[in-house]
Amino acid sequence: MKNIELELRAPIPKKDFARVKNLVVKMGKTKDEQERLSLIFFGTMNGSKIDLRIRIDKKHKAQIVLKKGEFHAHNRIEKEILIEPKTFMPFAEMFGSLGLSGKIMERTTLRVQHKDKIEIALVSSGGISYLEVERICTKEQVEIYKKKLLEILNFLSLKPILNKRDFDILCNTLSTETDTTFNEFNSVKNVLQKKIAKYIKTQK
């Protein structure tokens, strides 16, 4: 069953952003460029780290996503379902009642479909950018496709994040400079309601 989200990330220095973007758009067919709002709750279940996400983009696609595995891991298990955009806040309040910490984040993502069903995503938030290369695969295919993902990052002259320390540096930078973190959901509920308005109010 293909439920392993094999994903590698690499930070993009500001001076290299234009170069990397020009190369990425030539590496396959552009799928879309989206702005997305995500509400993430962090927790533990049966000894495994999980994050529970509710997200919506400006094309009014809304989802609930559950990811299982160490937050810095490149081979997490992922499950997702579509929801109606109008149910974003009700789900947010329900999950918020679990008492988990989390964050609110907004990202602009350019997605390109590369060969072998590999997706390349150029992600930006404020002045921070990073690249994600991803392939959904089986457990048995992880090492095969990990090699292919590393080859893409090498071609782009980007250094992959391969350990928890480097992953935490990227996440902490985003949390400090662009995201809204919380220990108690009610403390950021009003912030979320203001942010989500621009994702729902234009819906026809």
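How many Å apart are the mean positions of the positive and negative charges of the chain? In this predicted model, the 40 positive and 26 negative charges have mean positions 2 Å apart.

**The whole chain.** Five helices and nine strands make up its secondary structure, arranged along the sequence as β-α-β-β-β-β-α-β-β-β-α-α-β-α. The radius of gyration is 17 Å, close to the 17 Å given by the globule rule for 204 residues, so the chain is as compact as a globular protein of that length. Along the principal axes, the C-alpha atoms occupy a box of roughly 45 × 40 × 30 Å.

**Surface and contacts.** Next, switch to a surface display. The accessible surface of the chain is about 11200 Å², and carbon and sulfur atoms account for 52% of this area. Of the 204 residues, 46% are buried. Considering contacts between residues at least 6 apart in sequence, 65% connect residues at least 24 apart.

**Strand S1.** Now select residues 4–12, which form strand S1. Eight of the nine residues in S1 are buried, leaving the strand mostly covered.

**Leu 6.** Finally, centre the view on Leu 6. Its bridge partner in S5 is Asn 75, while in S8 the bridge partner of Leu 6 is Arg 135.

Terms used: Residues numbered from 1 in each chain as written. Predicted model: local features only at pLDDT ≥ 70, side-chain atom pairs only at ≥ 80, totals over all residues. Heavy atoms only, no water. Helix = DSSP H or I, 4+ residues; strand = E, 2+ residues; numbered from the N terminus. Rg over C-alpha atoms; globule rule 2.2 N^0.38 Å. Buried < 20%, exposed > 50% of the residue type's maximum accessible area, 1.4 Å probe, protein only. Contact = heavy atoms within 4.5 Å. Areas by Shrake-Rupley, 256 points an atom, 1.4 Å probe, with all protein chains shown as cover. Lys, Arg positive; Asp, Glu negative; His and termini not counted. Charge placed at Lys NZ, Arg CZ, Asp CG, Glu CD. Pairing = 2+ DSSP bridges.
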